[in-house]
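Dear colleague,

Please find below the structure that I am handing over to you. My findings follow it, arranged by topic.

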Amino acid sequence: MFNSVIDLAKNHMGIQGTDCKPGCHPVNGFCEVSNECRCRHGWQGPLCDQCVPFSGCLHGKCVKPGQCMCEEGWIGSHCDTVVHPCSSKPCSNYSKNCVETGNGRYTCLCAQGYMGKNCHMKKGPCIVNGSPCQNGGSCLDNDGFAPYASCMCSPGFTGQFCERDIDDCEPNPCENGGTCTDIGKSFHCSCPIGYEGVLCSNRIPACDSSPCENGGTCHGHRGRGFMCICKPYFVGATCSFSTRNTSVYVVAKQRRNQNHHLHLRGHRKPAQQQEKEILTIKETIENRQSLLTKSQVICFMILSFLTCLVVLGTTGIIFFSKFEVWLANARYSHLLRKERDFFLKANDDENVSVNIIFPEKINQDNE
């Protein structure tokens with residue numbers, strides 16, 4: 001006994017200090033020198049991973065040392081007695097004969113129209129006509145003895161032949177106002193702001209969903225909702241409205257004052273009410289954007305008046321400058337005509353050629 005304990009201690013020291021053969025079982029094997037694998041009692045094999053069966057076991061196997069688990073077709077403590085499987089009549093009444101194939105195995109010779117290991121199945125509607133089931137449904141005909149085939153449908157489908165897709169959104173499985181979309185065998189929930197998860201059942205921190213628009217800064221309050229600090233020219237609970245239009249600013253400011261304390265306490269208005277308020281403000285924006293403000297009208301009138309003065313002044317200057325030239329030319333032409341007529345009357349009997357030079361021609365020649 002003392003020597004056995006010493007041997008075990010030595011073996012244990014050998015395992016700890018020596019590298020055994022790769023793959024050697026860490027419990028059932030040990031080594032004293034490198035690249036060695038010695039088996040403990042009850043185990044065998046190159047890597048000590050095979051148990052030693054009961055002594056004298058012929059046609060059996062073991063899981064633990066000392067066992068003798070008989071293979072098919074053998075019985076007895078040593079698995080040395082052959083079994084005649086056909087003696088137990090395993091084949092059904094639809095079999096012609098049972099044939100032993102050795103090692104405890106057998107084969108049933110089925111009558112026409114029957115099948116299976118024991119000839120217990122009939123070639124029924126599912127085999128003869130093929131499966132009528134759709135969308136992955138399984139064909140059932142009571143092992144061939146049913147007059148008609150039936151279908152066992154896969155999840156998400158129904159109908160006699162599994163041809164109809166079940167509406168997974170009826171009733172709506174999404175929580176907290178989520179919108180359900182049926183996608184074949186499953187569904188998808190589109191969660192509202194502040195919720196997440198497959199069924200929108202998980203509430204997320206208010207600011208994680210980025211509710212503030214137009215660059216607004218979100219300040220969350222644990223258990224009390226959130227508050228948006230808006231950039232210039234934007235107002236509203238989520239900074240979604242522009243203050244560039246005065247009427248919109250007034251409406252949005254009133255909305256913000258009414259809802260400010262609700263956001264701080266974590267209360268949220270129903271989605272339909274929020275949509276109505278947004279549509280009302282949008283209509284105000286569309287109606288007001290087409291009109292001019294009082295200041296814009298005044299500026300437009302002043303600019304129009306100044307433009308008219310400039311046009312009239314320019315037209316007057318051009319007109320009077322041209323009128324003086326025209327009047328001088330008219331007087332000068334009239335004077336020349338009088339001189340010419342007088343000259344012609346004084347020389348009626350002589351052929352005189354008169355060439356009258358007007359001021360315009362003189363100016364042109366001088367140039």
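**Cys91 and the core around it**

If neighbours within four places in sequence are left aside, Cys91 is in contact with Asn97, Cys98, Tyr106, Cys108 and Asn118. Please bear in mind that this is a predicted model. Cys91 also belongs to the largest nonpolar core, a set of 6 residues whose other members are Cys86, Cys98, Tyr106, Cys108 and Cys119. In general, nonpolar side chains in soluble globular proteins tend to be buried together.

**Disulfides**

How many disulfides are there? The count comes to 17. A disulfide is a covalent bond between the sulfur atoms of two cysteines.

The disulfide between Cys86 and Cys98 has a sulfur-to-sulfur distance of 2.0 Å. Its angle about the S-S bond is -75°, and the link is left-handed. Which parts of the chain does this pair tie together? Cys86 lies in the loop between strand 8 (81-82) and strand 9 (95-102), while Cys98 lies in strand 9, so the pair connects parts that are 12 residues apart in sequence. Both Cys86 and Cys98 are buried, and both are listed among the residues of the largest nonpolar core.

Cys110 and Cys119 also form a disulfide, with their sulfur atoms 2.0 Å apart. The link of Cys110 and Cys119 is left-handed, with -90° about the S-S bond. Are these two cysteines buried or exposed? Cys110 counts as partly exposed because its relative accessibility is 25%, a value between the limits of 20% and 50%. Cys119 has a relative accessibility of 0% and therefore counts as buried. Cys119 is one of the residues of the largest nonpolar core.

Cys39 is joined to Cys48 by a disulfide, the sulfur atoms being 2.0 Å apart. This link of Cys39 and Cys48 is left-handed, at -95° about the S-S bond. Cys39 is partly exposed, with a relative accessible area of 30%, whereas Cys48 is buried, at 0%.

**Ser95**

Ser95 lies in strand 9, the strand that also holds Cys98. Ser95 counts as buried because its relative accessibility is 16%, which is under the 20% limit. What does the side chain of Ser95 reach? The side chain of Ser95 comes to 3.0 Å from the backbone oxygen of Leu109. Apart from neighbours within four places in sequence, the residues in contact with Ser95 are Cys108, Leu109, Cys110, Ala111 and Cys119.

**Ile193**

Where is Ile193 placed? Ile193 is in the loop between strand 18 (186-190) and strand 19 (195-196). Ile193 is partly exposed, with a relative accessible area of 46%. Ile193 and Ser210 are 17 residues apart in sequence, and the distance between their C-alpha atoms is 8.6 Å.

With kind regards

Technical notes: Residues numbered from 1 in each chain as written. Predicted model: local features only at pLDDT ≥ 70, side-chain atom pairs only at ≥ 80, totals over all residues. Heavy atoms only, no water. Core = buried A, V, L, I, M, F, W, Y, C linked by side-chain atoms within 4.5 Å. Buried < 20%, exposed > 50% of the residue type's maximum accessible area, 1.4 Å probe, protein only. Contact = heavy atoms within 4.5 Å. Disulfide = S-S within 2.5 Å. Helix = DSSP H or I, 4+ residues; strand = E, 2+ residues; numbered from the N terminus. Polar contact = N/O pair within 3.5 Å; in protein donor to acceptor, adjacent residues only side chain to side chain.
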